[in-house]
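These are my notebook entries on a structure I went through today. I kept to what could be looked up directly, and I wrote the cut-offs beside each term.

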Protein chains: 2
Amino acid sequence: MKKSLGAKTIVYPAPVFIIGSYDTERRPNMMNAAWGGICSSEPPSIAVSIRPERYTYANITRRQAFTVNIPSVALVEAADYVGICSGRDGDKFAAAGLTAVSSDIVDAPYVAEFPLVLECALRHEFELGVHTQFVGEILDVKANEEILDGRGMIDVAKLQPFIFSPGDSLYYRVGECIGRAFSIGRKE
Amino acid sequence: MKKSLGAKTIVYPAPVFIIGSYDTERRPNMMNAAWGGICSSEPPSIAVSIRPERYTYANITRRQAFTVNIPSVALVEAADYVGICSGRDGDKFAAAGLTAVSSDIVDAPYVAEFPLVLECALRHEFELGVHTQFVGEILDVKANEEILDGRGMIDVAKLQPFIFSPGDSLYYRVGECIGRAFSIGRKE
């Protein structure tokens, strides 16, 4: 028997995406977004929802580009800081102790210290109430070498990603592997 | 220094959403979707991307409704099974040992055994390449009582959600709490 909790934005897991963008002066900015996810396999695309009042919003519409950076557990404080203040009030990269790197394929910066980044070209904007959903085509994924395994693939144990929990506004680490997809449920 | 991995749909975390829908005969069906996430706070909305060839696709467009069910670690095999076979070939609920419950607010079934469900009315369809993105307004969230704490809120340790890892196609459990959002990064 299920109990009603009301019409709420509660889901597990929600991501912690750090969205990188340039402003009109080409100053790098970043913000913290939990509303988003992959939205098409081909062209490889990701959706991120941002409120029009956010500084990042105009950056993305002007530059037609953004990056999605994935922080690791060791940098949870810096990732959280980015979601507390606004780029209108100063240089978030300097304040967070993070380094902006200019993407060579889209007009947006990414975060050197965060181990994984998706470089995205804006393809669609959908107004969905208080948030606008930006759909970006993923033109490249780049990873810090220390999170790759011997085959050059991402090692989740080295990446150490974490999730956002909308119900209690807490961050949780990703724990151990519990099985292989499209395999563990196979019936003989 | 980052290394290029190419234009791929790799992100952390990706969810394991079990999408519930009714077919033309009102037979309950479910499928496993990793491409999606919350997309607006108001109206509370969730996006889920589904290929047109999936049985669920026509169910949602006809019924204008779907549910998003969140499985727990204990039911990872059933959640995975749902993503391997098609509802065209038989009753997935019976085969997976799961129970379909008819939502009282949208024309779709949910899964009794999965501890959390979002009941959604279809609001938008966006064609994004090989996937169509369905945006549903969340009309209610329902939870099994055993995952609620003393205040009636979701206890993540009891919910035991898990994530999908697109890079290696593995499932990983959600581990311990590492901090409070909009707080741990606050500078004094």
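This is a predicted model: local features need pLDDT of at least 70, side-chain atom pairs count only at pLDDT 80 or more; totals for chains, interfaces and linings use all residues.

Residues are numbered from 1 along each chain as its sequence is written, and chains are lettered from A and ligands numbered from 1 in the order in which they are written.

**Helix H1(A).** I then asked which residues of H1 (residues 55-63) of chain A are buried. They are Thr56(A), Asn59(A) and Ile60(A), where buried stands for 20 or more other C-beta atoms within 10 Å of the residue's own, the C-beta atoms being placed from the backbone. They lie on the same side of H1(A), because they cover an arc of only 95° around the axis, the arc being that of the directions from the helix axis to the C-beta atoms. Among the elements that cover these buried residues I noted strand E9 (116-128) and strand E10 (131-144) of chain A. Helices (H or I, at least four residues) and strands (E, at least two) are DSSP runs, numbered from the N terminus.

**Phe134(A).** I followed strand E10 of chain A to Phe134(A), which is buried, with 25 other C-beta atoms within 10 Å. Leaving aside neighbours within four places in sequence, I found Phe134(A) in contact with residues including Ile60(A), Phe66(A) and Leu122(A), contact being C-beta atoms, placed from the backbone, within 7 Å. Leu116(A) is 18 residues from Phe134(A) in sequence and 20 Å away in space, C-alpha to C-alpha.

In what order do the strands of the open sheet of four strands stand? I read the order as E11(A)-E12(A)-E12(B)-E11(B), with antiparallel pairing, and two strands pair if DSSP finds at least two bridges between them. Strand E11 (162-165) of chain A and strand E11 (162-165) of chain B stand at the edges with a single partner strand each, so one side of each is left without a neighbour in the sheet. E12 (residues 170-180) of chain A and E12 (residues 170-180) of chain B pair over seven bridges, and in E12(B) the bridge partner of Arg180(A) is Leu170(B).

**Chain A as a whole.** I counted four helices and 12 strands in chain A, and buried residues make up 54% of its 188 residues. The C-alpha trace spans about 60 × 45 × 35 Å along its principal axes.

Technical notes: A residue is buried if 20 or more other C-beta atoms lie within 10 Å of its own, exposed if 12 or fewer, and partly exposed in between; C-beta atoms are placed from the backbone. Two residues are in contact if their C-beta atoms, placed from the backbone, lie within 7 Å.
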